[in-house]
Amino acid sequence: RRVAHELELRSYARGELIFEQGDSPDGYYFIVTGEVSVYKRIERRNDPDRQTRAPTVDHTDHELYGKRLCMLRRTQGFGELSFVLGGGAPRRTASVVSEGDDDLRAMRARTRAASCDRENEQSVTTNGAKRYDNSDDSSAHKPTICIRVPAHLYMLEMQHNDTDNGTRSGGGELRQKLSQLESCLLFRHWPIQQLYEIAAMLRPRSFAAGTALARYGATASDVY
């Protein structure tokens, strides 16, 4: 009951910034309705051809917040990465922008069309054609609605989970795995959700000196 009392229901208009990369994390967000886009500003280093190469155009990117990594929808959550990778001074690792609730807008359009069909069946027009209401609905762009879990509650839950797993690292094991993925060139720019899926599957293994980890021609089953 105490936890439920501290949860906040927040509404974000389409295009509204929820939080920006580099901000101090204020909590974890759960999407009730609508969608959000996750953006990340990525610095390209050690690229000698950067000045001469023609810039690539990606219309999903944002001029202020960088490259779009992914979109998240209803029942998904975001904001936890800051607590896992932040260390002593956690910061937001990406920017999140509301995309509104297109599903609700489409449902309203279908409802209006069905209503017009019923009216046409009950009345006869002078030209024999069906009439549809194509007027613009000022409320068509519905907001994204999220539940925000305050930062201190989220951190407390992480500590409880670690205690249940026999550790008191405050998310230390997952933090270490994600840090390793973030530092790897292969995974550095992968979407956040995919990084979490990979981190959950990582398992530490030890090998004695001289052990063959892979053999030429063998079926590839693991990545080390």
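1. Two helices, α5 (172–183) and α6 (192–201), each contribute at least two residues to the lining of the largest pocket in this predicted model, and α5 gives the most, with five residues. Helices are DSSP runs of H or I with at least four residues, strands are runs of E with at least two, and both are numbered from the N terminus. A pocket is, on a 1 Å grid over the protein atoms alone, an open set of points where a 1.4 Å probe fits, with protein on both sides within 12 Å along at least five of seven lines, and its lining residues have an atom within 4 Å of a point.

2. This is a predicted model, in which local features need pLDDT of at least 70 and side-chain atom pairs count only at pLDDT 80 or more, while totals for chains, interfaces and linings use all residues. Residues are numbered from 1 along each chain as its sequence is written, and side-chain values use heavy atoms, with hydrogens and water left out.

3. The largest pocket holds about 640 Å³ of space, a volume being the space filled by probe spheres set on the grid points, which are joined across faces, edges and corners. Its lining has 18 residues, and M201, L202, R203, V223 and Y224 are the closest to the centre.

4. As a whole, the chain has six helices and eight strands, arranged along the sequence as α-β-β-β-β-β-β-α-β-α-β-α-α-α. Of its 224 residues, 29% count as buried, where buried means under 20% relative accessible area, with a 1.4 Å probe and protein chains only.

5. The largest nonpolar core contains 15 residues, and Y154, L178 and L181 have the most contacts inside it. The elements that give two or more residues to this core are α2 (81–85), α4 (151–164), α5 and α6, and α4 gives the most, with four residues. A second, separate core of 14 residues includes I18, C70, L72 and F78. A nonpolar core is a set of buried Ala, Val, Leu, Ile, Met, Phe, Trp, Tyr and Cys residues joined through side-chain atoms within 4.5 Å.

6. C70, named above as part of the second core, lies in strand β5 (residues 67–72), and C70 counts as buried because its relative accessibility is 16%. Leaving aside residues up to four places away in sequence, C70 touches V36, S37, V38 and P191, contact meaning heavy atoms within 4.5 Å. C70 and P191 are 121 residues apart along the chain, yet 6.0 Å separates their C-alpha atoms.

Terms used. Buried means under 20% relative accessible area, exposed over 50%, partly exposed in between (1.4 Å probe, protein chains only).
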